[in-house]
Amino acid sequence: MTGNKKENFTGKVAFITGAASGIGRATALAFAREGASVVVADISDQGNQDTVRIIEERGGKALAVRCDVTQTEDVKAALNKTIDTFGRLDFAFNNAGIEPSKPAPTAEYEEEEWNRIIDIDLRGVFLCMKYEIPLILKQGGGAIVNVSSGAGVIGIKGSPAYSAAKHGVIGLTRAAALDYAAQNIRINIVCPGYIDTPMMDRFTGDTPEGRAKVIAEEPAGRMGKPEEIAAAVIWLCSDAAAFMVGHAMVIDGGQTIQ
Ligand code: NAP
């Protein structure tokens with residue numbers, strides 16, 4: 001965790017998608033801080049290398065792998081590299097995702113945009129789990145956390161694809177959690193609210209007015225920090241969460257309970 005107590009993830013291996021930026025990078029750093037070797041998997045080569053450099057500068061172990069989560073061969077190759085380099089897989093954080101490029105009501109929503117978002121934000125999570133699970137089973141179990149969103153628990157006007165994908169991640173995760181609960185793989189979900197990342201900068205235009213509009217929706221009166229999501233992921237992967245199965249943990253400053 002990010003507090004005083006350290007998890008003992010020494011000797012364990014974590015595979016993290018979307019780890020070149022934002023929540024994924026913060027979580028990669030958190031796993032490394034807890035002693036895990038970290039596989040940084042993202043489509044951004046430069047971002048991957050930057051995350052690995054930060055981990056190594058802090059004394060951790062990490063591997064950068066270019067991986068587009070919509071491409072089966074990329075996912076398989078990235079996981080093969082994980083095993084070749086570190087010999088095992090204990091944890092996965094399936095976090096790579098994109099936001100809608102522009103809002104539109106359902107009847108006007110472009111099919112291409114629908115397909116793009118479902119492909120990355122939902123099918124990508126399925127593909128990653130499909131190839132992670134056999135590796136985690138091989139060494140007796142572990143934990144997976146998938147990323148949904150506040151948009152996974154409430155509908156978002158003008159955002160049918162993102163809402164569907166993020167609701168879908170919760171359903172997918174619950175099914176998978178039931179499939180593997182008896183085989184010692186715990187699979188859970190985090191649902192972040194507005195978190196201050198490059199994705200949020202694109203969403204708000206990174207202007208004071210854009211940021212203020214988003215913050216006005218947050219009862220906590222601020223955006224969340226990527227490290228606050230990372231802390232929840234670490235906890236969900238730790239033994240402290242040994243009885244958490246298929247849970248969707250909302251971390252959103254109270255946004256979706258209004
Ligand atoms: P971010 O800063 O944009 O980071 C996402 C990373 O995923 C980027 O490095 C991106 O690369 C990468 N990526 C995109 N498509 C990919 C693909 N096909 N395969 C592999 N990597 C890919 O976003 P973030 O805010 O950290 O968001 C991370 C996750 O949290 C997403 O699933 C998002 O939907 C979810 N989430 C975020 C918020 C928020 O407020 N920030 C709220 C709720 C949920 P490029 O930059 O090169 O595209």
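**Sheet and helix packing in a predicted model**

A92 has I144 in β5 as its bridge partner; helices and strands here are DSSP runs numbered from the N terminus, with H or I and at least four residues for helices, and E and at least two for strands. The model is a predicted one, in which local features need pLDDT of at least 70 and side-chain atom pairs count only at pLDDT 80 or more, while totals for chains, interfaces and linings use all residues. Residues are numbered from 1 along each chain as its sequence is written, and side-chain values use heavy atoms, with hydrogens and water left out.

**The sheet**

- Strands β4 (residues 91-94) and β5 (residues 142-147) pair in the parallel sense over four bridges, where pairing of two strands requires that DSSP finds at least two bridges between them.
- Seven strands form an open sheet with parallel pairing, in the order β3-β2-β1-β4-β5-β6-β7.
- The edges of this sheet are β3 (62-66) and β7 (248-251), each of which pairs on one side only.
- From one strand to the next, the twist averages 15 degrees; axes are lines fitted to C-alpha atoms, for helices over the stretch in contact, and angles run from 0 to 180 degrees between N-to-C directions.

**Helices on the sheet**

- Helix α3 packs on the sheet and touches β1 (13-17), β2 (37-42) and β3, its direction making about 160 degrees with that of β3; contact means heavy atoms within 4.5 Å.
- Helix α5 (residues 160-180) also packs on the sheet, where it touches β5, β6 (185-192) and β7, and its direction makes about 165 degrees with that of β6.

**Helix α4 between two partners**

- Helix α3 (residues 72-86) packs with helix α4 (residues 111-138) at an angle of about 30 degrees, the axes being 9 Å apart.
- That angle makes α3 roughly parallel to α4, since angles under 35 degrees count as roughly parallel, over 145 as roughly antiparallel, 65 to 115 as roughly perpendicular and the rest as oblique.
- The α3 and α4 crossing is right-handed, a term for the near helix being turned clockwise from the far one by less than a right angle, with anticlockwise giving left-handed.
- On α3 the contact is made by T72, V75, K76, L79 and I83, and on α4 by L127, C128, Y131, E132 and L135.
- The axes of α4 and α5 come within 8 Å and cross at roughly 15 degrees, and the two helices are therefore roughly parallel to each other.
- The crossing in which α4 passes α5 is right-handed; among the residues that meet are W114, F126 and M129 in α4 and Y162, L172 and Y180 in α5.
- The contact of α4 with α5 has 18 nonpolar, one polar and two charged residues, with Ala, Val, Leu, Ile, Met, Phe, Trp, Tyr, Cys and Pro counted as nonpolar, Asp, Glu, Lys and Arg as charged, and the others, Gly among them, as polar.

**Helices α1 and α8**

- Helix α1 (residues 22-33) and helix α8 (residues 226-237) have axes that come within 8 Å and cross at roughly 50 degrees, which makes α1 oblique to α8.
- This crossing of α1 and α8 is right-handed.
- The α1 side of the contact consists of G22, I23, A26, T27, A30 and F31, and the α8 side of P226, E227, I229, A230, V233, I234 and C237.
- By class, the α1 contact with α8 has 10 nonpolar, two polar and one charged residues.

**Aromatic rings**

- Ring pairs link F9, F31 and F91 into a cluster, a pair being rings of Phe, Tyr and Trp (its six-membered ring) with centres within 6.5 Å.
- By this rule, the count of aromatic pairs is four.

Terms used. Phe/Tyr/Trp six-rings, centres within 6.5 Å; stacked < 30°, edge-to-face > 60°.
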